[in-house]
Amino acid sequence: MRTVAVIAALAALCAVVAMTASASPRKLTGTISVAYSKTYVFDADPLSIAWWDSVKSQFEKTYLGAHLDLQGYDGTDVDLVNKVALLYKSPSTTPDVFMLPTGYVGQWVASNYLAPLDKYLNPKDAPFWKAFPKVIQNESRIGGKVYAINTGENNSAVYYNKAMLKKAGIKLPWKPKTWNDILVAAKKVKAANPGVVPLWAAAGTSAGAGGVLQGSANLVLGSKTPVIFDAKNHKWVVDSPGLRQVFQFYKQVYGGGLGASTSDLFSPKAVGRPVVLLKDHQLAIAIGSNWFADAWTEENRHWATASSEAAAVPLPTSLGQKPGNASTLGGWAVAVSKASKNPDLGWALIKVMQRTPNQVYIANHAGFVPPSQKVTASKAFLNYAAPFNRAFADALPNSRPVPSNEAGYPVWVQGMGQATGQIATDPSTSVDAAIKILKDTMSNQLGSDQVEVLK
């Protein structure tokens, strides 16, 4: 089944090459290189090879006399960043273009590795830019300048099993407006569906940054005080009305027996556990990422009836306050190296990558939400993992990036993981105690002068 899907995807991409083969040539020549992940971004390695080969073909047919040197690397996102960092130590080995996780862009800019791209962000050179929501336009804006262009986003929403909610007497389609709506539904599910996990709310440290990005960080951004890092004062928020809302929500989930077991929450595979639990009809509601739906198209986690059995809705804000829903935001972006001798050609490559068929393909086969609202509205995207893709597209404009560019972010992740993990282990843990865990973690590792309390 997975092989058939790959073949169909490759056939679709061949059509893209044919469509662009007759594009008029431009007066840009030379050879540029691009560094990227061969094995981590796409659902299957053949899909990655096909996409990059197609981009290369389109690029060289559009810009006659130009050539693209593909420099793909194996391993995880961390492996990619570490390997390419070594190349950047010398201008002679630095790739002209780099496709990297958005969370690392700030570090690359701080090292003076990337070229600002603002001069290209006009209707002629960047026809796609106006279709990006402001939050995405600003995602890689550092010090007032844009250093990378997003090519795929990951955000979060709420998945639910239709039959389990219907059995619990909940009207479908379900549209929770507050966190309490989620808790009420989970309680009804627990009563009507014995043995089923009512609600997945990621907790603990085993899943690292991915677990927090997929769990508690979403709640912080949807709380009364949606601030993780106070950019104005350059301090980390360790106590606020919003954080207290988040920890109270966790107490209600785990104190009410509504959450998953600690064996699942604290498993090394915790990030992917809700994907499997939903597929196996062992979980009713999950706060999770857009890539869940894409994972259900894969052979090892295939859920053929997902579109009829499950649905997704944006994660509401705590009390239904504006903007109504919230989510974390992260993804992959493309940057031009400051050392490149041909930055205009590097931008030309970005323009090719941003073509609508290319963006639809990478979104559908890498588990992304396209950054362009034009692309998210396309039937080719919405119908691929229907009905899930629409929910995440709807949530995208109100999604916000976490401050992963800041040096203290891994410590904040650790503190949040420890605090939520403690509540999941012992629901009698007070909100004050959870706040203390986060505050002590941040203060001890970063210094008390790096944290603040918001009233």
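Let's start at W296: leaving aside neighbours within four places in sequence, this residue is in contact (heavy atoms within 4.5 Å) with Y159, V275, L278, K279, R301, H302, W303, A306 and F388. A quick word on where this comes from: this is a predicted model, where local features need pLDDT of at least 70, side-chain atom pairs count only at pLDDT 80 or more, and totals for chains, interfaces and linings use all residues. Residues are numbered from 1 along each chain as its sequence is written, and side-chain values use heavy atoms, with hydrogens and water left out.

Now, aromatic rings. Rings of Phe, Tyr and Trp (its six-membered ring) pair if their centres lie within 6.5 Å; planes under 30 degrees apart count as stacked, over 60 as edge-to-face and the rest as tilted. Ring pairs link W296 into a cluster with Y159, W291, F292, W303, F388 and F392.

How many aromatic pairs does a search of the whole structure find? There are 28. One of them is tilted: Y88 and F98, 6.1 Å centre to centre, with 45 degrees between the planes. Y88 sits in the loop between α3 (77–87) and β3 (97–101), and F98 in strand β3, so the pair ties together parts ten residues apart in sequence. Helices (H or I, at least four residues) and strands (E, at least two) are DSSP runs, numbered from the N terminus.

Are these two buried or exposed? Buried means under 20% relative accessible area, exposed over 50%, partly exposed in between (1.4 Å probe, protein chains only). Y88 is buried at 4%, and F98 is buried at 0%.

Finally, Y250 and Y254 are stacked, 6.1 Å centre to centre and 20 degrees between the planes. They are four residues apart in helix α10 (residues 241–255), so about one helical turn separates them.
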